[in-house]
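Please consult the sequence and structure shown here alongside the points below.

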Amino acid sequence: MVDRTIATTSDLTNVDEWYDASIEGFSSVSDKNNYEQLSSLPRELKVKANNETDKKSSMQSSVKPNMNISQNIDPAPLCYEEKAIQEREKCDYSIRITLDMAKNGTAPRKIRILANGVYDLFHPGHARQLMQAKNAFKNVYLLAGICNDKITNSKRGQTVMDDIERYDGVRHCRYVDEVVTDTPWVLDDEFLTQNKIDFVAHDDIPYESEDSTDVYEHLKSRGIFIPTQRTDGISTSNIICRLVRDYDMYVRRNLARGYSAEDLSVGFIKKNQLQLQAKLDTVKSKFHTYEEESKIYMEHWEERSKEYIHKFICLFERANVLNLLYRTHSSTMISNIPNEENNTDDIISSNNNWNKLKSK
C-alpha cells in the first residue's frame, strides 16, 4: 500500500547539510571515529598518526579493494549510456519503497529520486536543490531530469544554453548520479516506471500548465513528492536580469576582449557610442587616480611644510644672535655656541648669559 503522506522539509534527514568529502571513503564507524580523534590532535601527532595509517593501509592493500572504485570520479552518465542502463536494470522496481521506509532507512535497495528542471545557466541555486534531493534519505541514487530545447522553448521561452550544454553542465555536479535527457514537462506514470523512479524532488511552488494548476499535484497526492527549498537571490531569471540591466557594460567588456560588433549584434552607431563611452570612462578613471595621488601629495607636503617653517624660524633667530655677538666683538660667547642647529630654548639661554655679562 502506497504511503500517501507528503514529505516535508522538516521530515528529511540532513536535507540542508553538505557532505564531508573527507569521510566519504570510510568503510566503518571505527574509521570515522579515528578520523574525528585525529582531527583534534596537534600537528606533530597528526603527522605521526597519518604515517602509521599509511603503513597500515599499505599492508592491507593486497586484501582490501581500492576505495576509489566505488567513488564518483567521472561525470554522471546520461540515461542511455551503458553505466546508467546497468544501474537501472539492477534495480528491482517490483519492491516499492514507501515514504516511511525511506525515512526509517529500511529500504532494501537504493532509493531512486528524480530532481527535474531546466537548469539553464547552472548556478548555486540549482546545486543546492540537487544537494537537498541527494540528502533527503540514506542510500539515494539521484537522477537529474532535464527538458530538451523543444519542450522548454514552448513552455518557458528561449534558453541561453541549449539542451546539450545543460545536460553537460548538470552531469558534472557532485550530487548527480545520472542525467535523464528529454524529460517531459509533466511526469506521467509511464515515464516514472520506465526510469524506475521512487520519488520526485522539486520546490513546492505550484507550476501551472494548460491542463492543470499544478503539474506536481498527482505526485503530491500519491505521497512520492519531496519538496525542496529555493535559494533566495539567485535564479536563471535573476542572472538574465543582471545582464539586461548592465547591457552596455557587458558589450563594452566583450568588445575590449576582442569580440566584433557582428558577434554581439551591435550596429555601427551603437558600437562607436560604446567605444566613446569606454574612452570617457578611462579618462575619468585616470583623473580620479590623479586626484587621489594629488591629495596624498598635498597631505605629505603639509606635514613637511611645518617642519620646514620650524627650521627656518630657528635658523633666523640664531643668525640674529650671532650678528649681535659679532657687533659686540665677544669671541668668547661665539665660541660657546655649537655649530649644529640650536633650538629656540638654547638661543634664549645664550641671550640671557650675554645680558648678564654686559651688565657686569
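Contact means heavy atoms within 4.5 Å. This is a predicted model, in which local features need pLDDT of at least 70 and side-chain atom pairs count only at pLDDT 80 or more, while totals for chains, interfaces and linings use all residues. Residues are numbered from 1 along each chain as its sequence is written, and side-chain values use heavy atoms, with hydrogens and water left out.

**Glu178**
- Strand S3 (residues 178-180) contains Glu178; strands are DSSP runs of E with at least two residues, helices are runs of H or I with at least four, and both are numbered from the N terminus.
- Glu178 counts as buried because its relative accessibility is 0%, the category being under 20% relative accessible area with a 1.4 Å probe and protein chains only.
- Not counting residues up to four places away in sequence, Glu178 touches residues including Ala76, Cys79, Arg88, Arg112 and Tyr141.
- With the side chain of Tyr141, the Glu178 side chain makes a polar contact at 2.8 Å; such a contact is a pair of N or O atoms within 3.5 Å, where within protein one must be able to donate a hydrogen and the other to accept it, and residues adjacent in sequence count only if both atoms are side-chain atoms.

**Lys134**
- Helix H5 (residues 124-134) includes Lys134, which is buried at a relative accessible area of 13%.
- The side chains of Lys134 and Asp177 make a polar contact (2.6 Å).

**Nonpolar cores**
- A nonpolar core is a set of buried Ala, Val, Leu, Ile, Met, Phe, Trp, Tyr and Cys residues joined through side-chain atoms within 4.5 Å.
- In the largest one, of 45 residues, Ile113, Leu130, Phe137 and Phe199 touch the most other members.
- Strand S2 (residues 140-146) gives the most to this core, contributing six residues.

Key. Buried < 20%, exposed > 50% of the residue type's maximum accessible area, 1.4 Å probe, protein only.
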